[in-house]
Amino acid sequence: GTFVSAAELVRAQPDLLVIAGGEVALQAVIGASGHIPIVMFATNFDPIGRGYVTSLAQPTGNITGVIVRPLDLARKQMDLLRQVFPDRNRLAVLYDTQSTDQFTAADQGAKSLNLQVQALKVDPAYDFAGIFEAAAKGGAQLVLVQSGPAFAKHRTEIGELAVKHRLPTMFTFRHYVVDGGLMSYGVDFPPLWRRTADYVARILHGAKPAELPIAQPTSFELLVNLSPSSSLV
């Protein structure tokens, strides 16, 4: 296929831009987008906390869309881990540059649950074997993976390493559990993609982004891997 830069997209003056994923995608176009409407599907950063939009009800400017609030997810993920493993309180949190907001949310939530956090930022080499070794040596009893896009292609390896070190691991995305991870708690994505498409249609039919309140998920899903090879309960 043919790939173009964000700057080239903006110079082409499209009727609308759709940005999905992490903050880096929005950063790539925000400075040059001018008045081009932007529909975002923000999955691992907080656009309100970062100042891209002013509020859910009144986003103002040229940006609207769907956001997944990392603090809400992180608190529930850790609460579920504590319910299943109530005698464990040392939590390793894996994150990278694109999931820093998720880590900040997890760190805040951990304090309210009396969890001791071991912060493990994954470098660009994505050496997960080394990261899990560090978690085990640091005395981790639980692991929370704050997944950025680069984590996905390593999801089978991450699940295998968690089992190898006998570390109960919580994920945000269901595909980690499908590929061998222990637990995930996150949003049901298909309805959110449909909502994102609805924003696109409404703007192309004349609505202004500032007139469309930002949506949040209302449906969540918990997956638990009952395979004997993955069960650490």
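**View 1. Helix H6 and its buried residues.** In helix H6, the buried residues (under 20% relative accessible area, with exposed over 50% and partly exposed in between, for a 1.4 Å probe and protein chains only) are Ile158, Gly159, Leu161 and Ala162. These residues fall within an arc of 165° seen down the axis of H6, so they line one face of the helix; the arc is that of the directions from the helix axis to the C-beta atoms. Glu160 and Lys164 are exposed on the other side of H6. The model is predicted, and local features need pLDDT of at least 70, side-chain atom pairs count only at pLDDT 80 or more, and totals for chains, interfaces and linings use all residues. Residues are numbered from 1 along each chain as its sequence is written, and side-chain values use heavy atoms, leaving out hydrogens and water.

**View 2. Glu157 in helix H6.** Glu157 belongs to helix H6 (residues 155-164); helices (H or I, at least four residues) and strands (E, at least two) are DSSP runs, numbered from the N terminus. Glu157 counts as partly exposed because its relative accessibility is 30%.

**View 3. Leu222 in strand S9.** Strand S9 (residues 220-224) contains Leu222. With a relative accessible area of 44%, Leu222 is partly exposed.

**View 4. Helix H2 and its buried residues.** Within helix H2 (residues 23-30), Glu23, Leu26 and Val29 are the buried residues. They cover an arc of only 140° around the axis, so they lie on the same side of H2.
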